[in-house]
Amino acid sequence: MSYLDYQVAQVPTGFRKVLYINWPLVLLITAVCCIGFLMLYSVAGGRMDTWAEPQMIRFAIGMVVMLGLAFVPMWFWRGISVAAYVVCFLMLVAVDMFGVIGMGAQRWIDIGPIRIQPSELMKIALVLLLAAYYDWLPLTRVSRPLWVLVPVLLILAPTALVLMQPDLGTSIMLVAGGGIVMFAAGVSLWYFGAVIGAAVGLVVTIMRSRGTDWQLLRDYQFRRIDTFLDPTSDPLGAGYNIIQSQIALGSGGLSGRGFMQGTQSRLNFLPEKHTDFIFTVLSEEFGFIGASSLLVLYMLILGFCIYSALTNRDRFASLITLGISGTFFLYFAINMATVMGLLPAKGSPLPLVSYGGTSLMILMLGFGLVQSAHVHRPR
Amino acid sequence: MKKSQREIMDSSRQITRRGLLLAGIQIGTVTTLALKMRSMQLDHAEEYRMLADGNSIKIRLLPPSRGLILDRTGIIIAGNEQNYRVTLTREEAGGDVEPVLRRLSQLIPMTEARIAELMEEFGRRSAITPIVLADRLSWEQFSAIAVNAPSLPGVTPESALSRAYPRAGDFAHVMGYVGPVSDYDLSRIEDPDPVLRLPDFQLGKIGVEGRMEEVLRGKAGARRVEVNSQGREMRQLSRQEGEQGATLQLTVDAALQNYAAQRMGEESAAAVVMDCQTGELISICSSPSFDPNKFVRGISSPEYRALMDHDHRPLADKTVQGVYPPGSTFKMVTLMAGLEAGVINAGTRYYCPGHTELGGRRFHCWRRGGHGMVDAIKSLEESCDVYYYELAQRVGIDRIAIMARKLGLGVRHDLPMSAVAVGIAPDREWKMARHGQNWQVGDSLNASIGQGFVLASPLQLAVMTARIASGREVRPQLVRSIDGVRQAVPDYPALDISEASLRVARLGMDAVMNSARGTARSSRITREDWRMAGKTGTSQVRNITAAERARGVISNDQLPWARRDHALFVAYAPYEAPKYAISLVVEHGGGGSTAAAPIARDILLFALNGGLPPLDAVPSEARAGLEARHEAMQLFQPEAPRPGRSRA
């Protein structure tokens, strides 16, 4: 479906588009960000200027970006999808090369005052390209092996580059994000089953290999796994973060210890409390009520996105919306599971809440695309 | 290429299917997260709350200040002094401590070597551990650091209490000293007080400080503080002050102790002054002494070695730990054993030819020419050995040993001091148990004059003298009151010795001092109301070899110090109404009458007079010497009028 297929007459034009923006979604995003400001103010010990204020400025900019993108017609995005992917891919190559020169894990490129993390941009670009691919691909071919191989390669190529940085967390997010688009596009469930089965098989094999002649991981890597499975085995070492985070979370109880009263967070027991572990601060200070409220807000955001995707007859738009909301879901699910000790500790921010410009901007960019899809849906 | 309406419909249906499936997966995941959250925050909240509080709230102990130790007049002999010191925490110094140390070295003297030593220590210890840079600063240095604190990041001026002994060496052996708690100390204590684990806490090691530790320590206070994960204090939540340890008042008199110490001077000697009626120890002094403050502050190893290597053994407490053959001071025991057994009466005489033959062996009297006919009084007055050789053969050792124990020899006296010696009052059973041999009559002869197996400490000799003087079973007392509560003076029962026997012993002791031929006449007290009774003793520390015997008697002066005889003296005064008993031992001092008796008399006079001995109380020929001695002394002058100065 090319842009000529859109019933352009029925698509709002000019400033009228404001009326078609998904306002409940905007409201929900703002609400979640406000929770973030509150928590950043709290963990800074009641100071605005440490984290809350810069974050508010970024949010304001992000909001403008999101609303701006909402006005950009959908067909423009499909038009640039291949170019966006290629540019991001080249930037990743560049970062890897600079990284080699800089003798370290460099993940960003400085362009004037703006610092770009290509791996983050790639998450969006990959979703765009895969959505365009499946929009172009006839439905009958979606599950044909050869036509499945193409998107798999499109996913694995940037993933490999990110892995070399090395940034395991982002690589996993790329694979999962791409996988969600493929899933939404209707690729046969057998493929997913096979991949999951293979992954489980690999994990079992690795664990079985411990202590044998053909041990697949080094001893310290096994010890890290042990720490994940039982954090108390190394309470002052690798397990420390998880134990302290669980203590903070659990001690919140039903209604929490009160705003700015969290002993764990205020007394520095929590690591990275303004970024990766901010959910524990919320849980400690506002308890189960506060934490589940955030969860409800996240679910509502997902709900509005999915509803928007399902009611949109434009396949490209639906796939983008599902892909981006799916990535968003992965973000917060992984973060929460980590701080609860359900997943091994791996630095990942809580979307829209954690302090940090890149993550917020990428999310706002993504939601801009979702809004664009919503505004320009065929009517 | 244009999609057909059919294609769009198919795509839409497929997207809806997969979209709903995705939504289902997401709802499932979020439900799992919510359930986990519920389990942690609702079902297990209490456990986590406890863990969180344990994380953040710590109890910090406040060390109690140690109880004071006073003399009988209220003078502090062990107190606490402010110790000003500075510590530095590397973390607060911003990581680099060297510039801070350099700046600090302009305020207080710090050598390059000391700075290097500290830098090395900072490298070793954690960044948040405060390290003591300098100790025992003057107030001027301390305030200079406090004023300059802003330019010295991480430097904290602190003040803490530390034990101090203002009377320095005078009471070193009685008090003992405190020191840091060692692992060995902890291992000996069952369920140790947590305060003992505080860094820099001082524990009584020996002497009264060690034995009365429980009383003196006090109770720790506590602060509840909130700490961060590095253990750094964020704020104080509550503070509960501790209780100071009990004030301990001893029976000793600081002024008398000081006089005794100076009167003994450099001699290796011990003096014990005891109240004849109450058993209170008024002075218990071992010489030479050492400064216990050095042990509290950390003694340097050359200083310690010097104390250890000193042949006068300043670290040993000769008053209660040292045991000596009592020599002739033991003769009252043998005499009263004979009197009580009915073997002799006061008028029984033996002939002294200067020696006694026994089984081919000759036992000499100290006077080679002999004393002629000797009765009980004269036997003490002139200290005739042959009289006791004759008596011992008739009384037997067992009765002598029983008498010795009645008088407090060979038994342990319970005092809060370290290593109180038991001594030896030998009998047949003891020798069999100790040496696996039968008792020989020769052993009895040696024991009868306080030689051979007999051993007694100066404390025991003082107890013996006090018992003879009072006729009662007095026991030594050192603690006068605890926290103002007067310790009850026991109502001592009369000795199981007839008054007649005691009277003979007393008369003999009086004759020693005051009759024309008394061995210690030159050391008598000339004031009649303080009339003194006593007994000298000279105890051999060596076996006279056959070669020496062949060459004849060698005088003490010709022997090396360590082989000379011990000089002993016991006495009490006033004779009519006994108040104080004294025992005095001068190690390797030579004769008891010349080396020990004058010192004992002067100390006794100080006690009786409540100050320097008046010159008119000593024989005229001794006055000039005593006056010169007093002028050379720098005596301790109690500042305030001394209220409650009672000697009862």
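A residue counts as buried if 20 or more other C-beta atoms lie within 10 Å of its own, with C-beta atoms placed from the backbone. The exercises below use a predicted model.

**Exercise 1.** Determine which residues of α18(B) are buried, and what they pack against.

Solution. 
- Locate the helix: α18 spans residues 441-448 of chain B.
- Apply the cut-off of 20 or more C-beta atoms within 10 Å. D443(B), S444(B), L445(B), N446(B), A447(B) and S448(B) pass as buried.
- Find the partners within chain B. The buried residues pack against the helices α13 (331-341), α15 (385-395), α16 (397-406) and α17 (428-435), and against the strands β14 (355-358) and β15 (361-364).
- Look past the helix: G450(B) follows α18(B) and has a positive phi, near 75°.

**Exercise 2.** Describe the side of chain A that touches chain B by its elements and residue classes.

Solution. 
- Start with the contacts: 43 residues of chain A meet 40 residues of chain B.
- List the elements of chain A that give two or more residues to this side: α6 (168-185), α9 (240-251), α10 (263-266), α11 (278-310) and α12 (315-339).
- Pick out the main contributor: α11(A) gives the most, with 11 residues.
- Sort by class: 26 residues on this side are nonpolar, 14 are polar and three are charged.

**Exercise 3.** Summarise the fold of chain A in numbers.

Solution. 
- Chain A has 13 helices and two strands.
- Of its 379 residues, 47% count as buried.
- Among contacts in chain A with a separation of 6 or more, 71% join residues 24 or more positions apart.

Conventions: Residues numbered from 1 in each chain as written. Chains lettered and ligands numbered in written order. Predicted model: local features only at pLDDT ≥ 70, side-chain atom pairs only at ≥ 80, totals over all residues. Contact = placed C-beta atoms within 7 Å. Helix = DSSP H or I, 4+ residues; strand = E, 2+ residues; numbered from the N terminus. Nonpolar A, V, L, I, M, F, W, Y, C, P; charged D, E, K, R; others polar. Buried ≥ 20, exposed ≤ 12 C-beta atoms within 10 Å, placed from the backbone.
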